[in-house]
Amino acid sequence: MRICIIGAGYVGLVAAACFAEMGNRVICVERDPLRVARLNRGEATIYEPGLQPMLSAHLASGHLSFSQHLAEGVAECEVVFIAVGTPSGEDGSADLSHVLAVAEELGEILQRACVVVDKSTVPVGTAERVAQRINRRLEQRGKGFQIAVASNPEFLKEGSAVDDFMRPDRVIIGCDDLASTELLRRLYAPFLRNHERLLCMSARAAEFSKYAANAFLATKISFINEMAGLCARLDVDIEEVRRGIGSDSRIGTHFIYAGCGYGGSCFPKDVRALIRTAEQEGLEPGILRAVEARNALQKTWLFQLLREHFSGHLQGRVVALWGMAFKPGTDDLREAPSLVLLDALLAAGATVQACDPVATAGVAARYGQAVASGQLRLSESPYSVVEGADALVLVTEWKQFRQPDFTRVRALMRMPVVFDGRNIYDGRQLAELGFLYRGIGRPVLGRCMVRAA
Ligand SMILES: NC(=O)c1ccc[n+]([C@@H]2O[C@H](COP(=O)([O-])OP(=O)(O)OC[C@H]3O[C@@H](n4cnc5c(N)ncnc54)[C@H](O)[C@@H]3O)[C@@H](O)[C@H]2O)c1
């Protein structure tokens, strides 16, 4: 099939590469000229496992290309995906300006019928608004055809985006037009060979399903984090509780890990947008507000532990951070918990030595001044950043940090203290090695005298 994808961001680029992998001819239209130039040179603009080889292979085979020009992109396409950003507006609602601008442009330039698909996460009713914009303009131009608009929300997870797209848990197609639904069913058939999980529904239900899914997952995280808060007070290990409840199939083992809060480009903004939708409907979104408030609090937890440990005096302390990306497997820093911690540490006068396998360039771009002054040092080596540190904080659970040589770490640190923001370490083992260990909602283990800074 000939496909056009508008927006070469996280979703657009992954979708483009994966559709090309299945033998489609894909042209990806991106308004940022630098991004287009890099992609056409074969450079993946995001870090995502498996993406780079696909990009190189399909640029070379001619199945994938990038352009700045929408008219070129849609010229011969049967399906046009809209995959542009829908960031939070000032009041928390989804900012649809990019999506609606694309709709206007499509109405202006389409010369033949095709199916337009909203892949961006958009509020209920957006497919209708996009269809109205395109079709009104087509009518003004005297074109003798109308466009059907479908909703096809994306459920990929950053860090395993290519895998998720190639083997989706489900594909949702929200569309009232039978012929368009059939075309999309054919497009997705190769991705669903092993299990038929294509769900067809109204566009409005598809749009809402995406928000409800993200809000539910965020709720699970905030729930377990609240339980962790209680565990910390009651001298109970949340990890034991997690295992205790996760074995119940009604609860399940996913998304019940206590930690330092959720971040990323989706959960925070989608929870905010759903809160705004409820408000607009005159409803009180009590659960969603609590989920958001808990998460904001959670992102400050590690800093509170550090402040408590150093009796409020962080000035002159050296803190090592392992992991800056909002989750492992990506270089995405959007709304990452690490940034809240980093801001607080820098403001308190600590020196931070941070390590991330792929996100240090993004951190350097945001914190140029702190890097220039030497208050923030970045490295890709986990051992170099613990040298001379008064505390080590694990923020993002990259595989590289899962089983480090703690004897070596202890020898390099000034003070052997570990704050485990993702509860991945065995605190007893660390205590035996001479560390003081503090997790999220776990008993404090080991001892360490705080030396004067
Ligand atoms: N990132 C994720 O993990 C994820 C997962 C599922 C759904 N989503 C949703 O998918 C949508 C896109 O998210 P993303 O993370 O890929 O965003 P992104 O910000 O990474 O990418 C959006 C891209 O669209 C481009 N763009 C904007 N307007 C354009 C236009 N008129 N023409 C051409 N290009 C244009 C931007 O330059 C940018 O490169 C959002 O609605 C998001 O909520 C994201």
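In this predicted model, valine 319 has valine 352 of strand E10 as its bridge partner. The two strands concerned, E9 (residues 318-322) and E10 (residues 351-355), pair in the parallel sense over 5 bridges. Against the sheet lies helix H13 (residues 301-309), which touches E9, strand E12 (391-394), strand E13 (417-420) and E14, and whose direction makes about 155 degrees with that of E13. Helix H14 (residues 337-347) also packs on the sheet, where its contacts are with E9, E10, E11 and E12, and its direction makes about 170 degrees with that of E9.

The sheet as a whole is open and has 6 strands, which pair in parallel in the order E11-E10-E9-E12-E13-E14. Strand E11 (376-379) and strand E14 (436-438) stand at the edges, and because each has a single partner strand, one side of each is left without a neighbour in the sheet. From one strand to the next, the twist averages 20 degrees.

Elsewhere, helix H11 (residues 267-280) packs with helix H12 (residues 286-298) at an angle of about 150 degrees, the axes being 9 Å apart. Since angles over 145 degrees count as roughly antiparallel, H11 and H12 are therefore roughly antiparallel to each other, and their crossing is left-handed. On the H11 side the contact is made by Val271, Arg272, Leu274, Ile275 and Glu279, and on the H12 side by Leu288, Arg289 and Glu292; by class, this contact has 4 nonpolar, no polar and 4 charged residues.

Helix H9 (residues 203-234) has 32 residues, which at 1.5 Å a residue should span 46 Å, and its end C-alpha atoms are 47 Å apart, which agrees. After H9 comes aspartate 235, whose phi is positive, near 60 degrees.

Terms used. Residues are numbered from 1 along each chain as its sequence is written. This is a predicted model: local features need pLDDT of at least 70, side-chain atom pairs count only at pLDDT 80 or more; totals for chains, interfaces and linings use all residues. Side-chain values use heavy atoms; hydrogens and water are left out. Two strands pair if DSSP finds at least two bridges between them. Helices (H or I, at least four residues) and strands (E, at least two) are DSSP runs, numbered from the N terminus. Axes are lines fitted to C-alpha atoms, for helices over the stretch in contact, and angles run from 0 to 180 degrees between N-to-C directions. Contact means heavy atoms within 4.5 Å. The expected span of a helix is 1.5 Å times one less than its number of residues. Angles under 35 degrees count as roughly parallel, over 145 as roughly antiparallel, 65 to 115 as roughly perpendicular and the rest as oblique. A crossing is left-handed if the near helix is turned anticlockwise from the far one by less than a right angle, and right-handed if clockwise. Ala, Val, Leu, Ile, Met, Phe, Trp, Tyr, Cys and Pro count as nonpolar, Asp, Glu, Lys and Arg as charged, and the others, Gly among them, as polar.
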